[in-house]
Amino acid sequence: MIVIRDQGKFFRKGAIDCMFKGNKRFTWLNKMFRRTFFIKLIMTTVLIAVIPNLLSDVLAYKKVSQTFEEETGKSKLQYLNQTRNAIEIVLKRIKENSNQLVLNQSFQEFEQFPNGRYYEALQGELKVEDLQALNAYLSSKKNSFLTINLFRMSNEFVDSVYYYDHNKNLVITSEYDGSNRQFAMDDFYDKGWYPALLAAQEDAVFMDTRIAKQYQPKEKNVLTIIFKTRKDDNAIIINLDAQLIHQQMISKVNDQDDIFVVSTEGKVLFHSQLASMHQPISHLLPNDREIVGKSGAFVAKISSQRKLITHSASSLLGWTFINTSDMEALSKGTASIKQTIFLSAVILIVISLTLAYLSSRSLYKPISRLKAMIGGESERKMEQEDEIGTIGHFMQSALFERDYYKERLNESLPVHREQFKSSLIRRHNWTLEEIESKKAYLSVDIASEHLVVWALSLDDREISSVTSEQLFKIRMLDVAANSAALPQKWYAIEAEKNIIAIVMNSDGMDRQQVFLLGQQLLDEINQQLQTQCTIGIGGLCPTILDVPQAYEDALEALEYRILYGDGFVISIDDIRIDNKSGFHYPKQQEDQLLAHLKTARTEEALRMFDAFISEINAHKNKLHYNQIQPLFVQLLTAIIHAYNQLGADMRNVIGSETDPYRELLEQDTMDKIGRWFQRLIRLTTAYIEQETNAKGNQHITKIMEMIERDYGQDISLNTVAEQLHLNPAYISRLFKQITGQPFVDVLKKVRIEKSRELLVHSDMKIGEIGKQVGYSNSYYFIKVFKEMKGLTPGEYKKMYGS
């Protein structure tokens, strides 16, 4: 058994020494166990390096996955909305064509032909007196057949068209193969639409898709639309090919997803699989969410697979369009991100351990040296605490001693030092040599050349007592002392009541650099102390003898707060008034601002007001404060005049008891004036937009009536605007916003549709028809007609003319 004495304590080491066969081979291990702080340093470094990166990687992966699902859902929903809009447009067009069919002259003549039921029932030998009327009846019936055929061919999705005449008890058909047939209602092969007709309360009825019987022994999946005519219970029944609609409009663009349509009752109307047609939605989707009649996107598990389900509801048709996508296939790209995160985490841990050990050794070297310097008594304390604690006790005692002697030394100097600093900014008779001598004696660390003086004003702060004022000034000096805006050599002194003077070396800086440093210091004071102060900057001082003049210039700069407002940096060089050039009222900005107000464009109006303010700010050095308010009074007068032009009353916007001129004159700074006008602009545009929306629909109705009535005349956007006493640009924007089409396109469609009717049902020449519908130039009429119909007027007349 061996007994060892180490630092006044005895340790038994027999068994350990026998095991390790001497201490020299394991000296590094013994040192490691004694370095408690070193081990802590390694572990802390590893944790600091690894944990934040791992957390950020995991959060980043989750965020990427979530964002991917949201953006993919938005993209799918956008495509679904486009598909829905396309189908709505097609059905609207069919509805419009049906209305034209009902109003067609040939069709109405047949429907309203006197004694039509009698002529339909004639059989056998005919009476002589019936021949002429029967011939007229058959001629009108033939024209009706042709009209129905033309309607069926006008849209590729129309499979067949029925005309049901209740009084005559007959059904006339136009089949997809071009054939026409006539049946008694009791003998008709497809009666699936008849109950819906009897229950119909409106002129147009959109039925759900159904299995319709055909003349040939087969069935077809169709979407039936019923349009009641103006006589009795007569109706036109239009059967659309549901399968063709699904192929050409719903699933043609995207054949990778499952897209289908369900009705309000939740039954499948359109689907690529015929077996799923007319089934409840639960046949395709789980019932855990109600999506019928709603729009949105979500991810759900269907048959143990993650599916992205997007759904868009049509308020016009009452249908819900649904798209299901395989989420696993869509998110394959994010799998590589997960692998990259895992691999980077493993590499990061290995690198962090290596670097932590190496860096900890470098960081620990100063501690080892300090521990060696302490030695003796402090070395014995290390048995009870780690290295940092021991060094801390030693440093604390050393700091106490230093502070004691430093305090005794500084007690006699502060008063004289502060008096000297204050004297430097006042008018004095010292020479440069005398100043240098006093600086050295009082330890004032400030250069004697290239100086600048700031005056920091506290005038706008309300302080309850003298003690609070002094504490606030001390806090401001602390902010300045810790600011990066000030150079190494500077000092501050309380120069006047509520004014702190700061003298510093400019170190070759120009005026712009000095201004930016002042702005930086002001921002830090305002942010940390939650107040507004102002800095006045004097001229640059070549020597310390010029400091008094620079301080007086800084005080003069502060006097211009009445023009610039509180919370700014004001340089004496920036406020020298330039009398060589005058200032002109920014009339152009005013005119554009008023134009934006009249059209309720808030953001454009605010930007133009900012341009108006910028124009004034750019000429601040040419204006006095008493010239500023008249400029804004003039602007307010122009805005009130714009209200009067629109037939509006400003009192409806700001209140009947409010005087806008008095409120404006109460704003005593540019910032307050700017905020007041911004509020007025927002209230004005909101009021004008509300009034515009209320009148917009009335204007569009009148415009459509004018187009239907005056299409044959020289009608244009300007003539319409003139008749309605409105701005043409406003009419153009409002028309496209509500109808979705430009004014010119709608006028063109009406004219070409009217000319088509004249080509079919009249003997007029092409040029005469063009002039009658508003085209004085025959060549231009032929060009427009061919662009819209694919045929020239002559070709169209030969093909469809009577």
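This report walks through a predicted model of one protein, from its overall make-up to single residues.

## Overall make-up

The protein has 802 residues, and 41% of them count as buried. Its secondary structure consists of 30 helices and 19 strands.

## Helices 25 and 26

Helix 25 covers residues 717-724, and helix 26 covers residues 728-739. Their axes come within 9 Å and cross at roughly 105°. Angles of 65 to 115 degrees count as roughly perpendicular, so helix 25 is roughly perpendicular to helix 26.

Helix 25 brings Leu717, Asn718, Ala721 and Leu724 to the contact. Helix 26 brings Pro728, Ile731 and Ser732. By class, the contact of helix 25 with helix 26 holds 5 nonpolar residues, 2 polar ones and no charged ones.

## Helices 27 and 30

Helix 27 spans residues 743-761, and helix 30 spans residues 793-800. The two pack at an angle of about 50°. Their axes are 8 Å apart. That angle makes helix 27 oblique to helix 30. The crossing of helix 27 past helix 30 is right-handed.

On the helix 27 side, the contact uses Arg756, Leu758, Leu759 and Val760. On the helix 30 side, it uses Pro793, Tyr796, Lys797 and Tyr800. The residues of this contact divide into 6 nonpolar, no polar and 2 charged.

## Lysine 748 in helix 27

Helix 27 also contains lysine 748. Is lysine 748 buried, exposed or partly exposed? Lysine 748 counts as partly exposed, because its relative accessibility is 22% and the buried class lies under 20%.

Leaving aside residues up to four places away in sequence, lysine 748 touches Tyr775, Val784 and Met788. Lysine 748 and valine 773 are 25 residues apart in sequence. In space, their C-alpha atoms are 9.7 Å apart.

## Helix 8 and its cap

Helix 8 runs over residues 242-250. Its buried residues are Ala242, Gln243, Ile245, His246, Met249 and Ile250.

Which residue caps the N-terminal end of helix 8? Aspartate 241 does. A side-chain oxygen of aspartate 241 lies 3.2 Å from the backbone nitrogen of glutamine 243.

## Threonine 209 in strand 6

Threonine 209 sits in strand 6, which covers residues 204-213. Threonine 209 is buried, because its relative accessible area is 5%. A polar atom of its side chain lies 2.9 Å from the backbone oxygen of leucine 269.

Threonine 209 has several contacts beyond the residues up to four places away in sequence. They include Asn221, Val222 and Leu223, as well as Val268, Leu269 and Phe270.

## Asparagine 505 in strand 16

Strand 16 covers residues 499-505 and includes asparagine 505. Asparagine 505 counts as buried, because its relative accessibility is 2%.

What does the side chain of asparagine 505 reach? It reaches the backbone oxygen of glutamate 449, at 3.4 Å. Not counting residues up to four places away in sequence, asparagine 505 touches Ile446, Ala447, Glu449, His450, Leu451, Pro487 and Lys489.

## Two positive phi values

Most residues other than glycine have a negative phi. Serine 443 has a positive phi, near 60°. Serine 443 is found in the loop between helix 14 (432-442) and strand 14 (449-457). With a relative accessible area of 53%, serine 443 is exposed.

Histidine 450 also has a positive phi, of about 55°, although it is not a glycine. Histidine 450 lies in strand 14. At 45% relative accessibility, histidine 450 counts as partly exposed. Histidine 450 is also one of the residues that asparagine 505 touches.

## Isoleucine 388 in helix 12

Helix 12 spans residues 387-410 and contains isoleucine 388. Isoleucine 388 is partly exposed, with a relative accessible area of 36%.

Where does isoleucine 388 lie relative to isoleucine 367? The two are 21 residues apart in sequence and 7.8 Å apart in space, C-alpha to C-alpha.

Note on methods
Residues numbered from 1 in each chain as written. Predicted model: local features only at pLDDT ≥ 70, side-chain atom pairs only at ≥ 80, totals over all residues. Heavy atoms only, no water. Axes fitted to C-alpha atoms, helices over the stretch in contact; angles between N-to-C directions. Helix = DSSP H or I, 4+ residues; strand = E, 2+ residues; numbered from the N terminus. Parallel < 35°, antiparallel > 145°, perpendicular 65-115°, else oblique. Left-handed = near helix turned anticlockwise from the far one by under 90°. Contact = heavy atoms within 4.5 Å. Nonpolar A, V, L, I, M, F, W, Y, C, P; charged D, E, K, R; others polar. Buried < 20%, exposed > 50% of the residue type's maximum accessible area, 1.4 Å probe, protein only. Polar contact = N/O pair within 3.5 Å; in protein donor to acceptor, adjacent residues only side chain to side chain.
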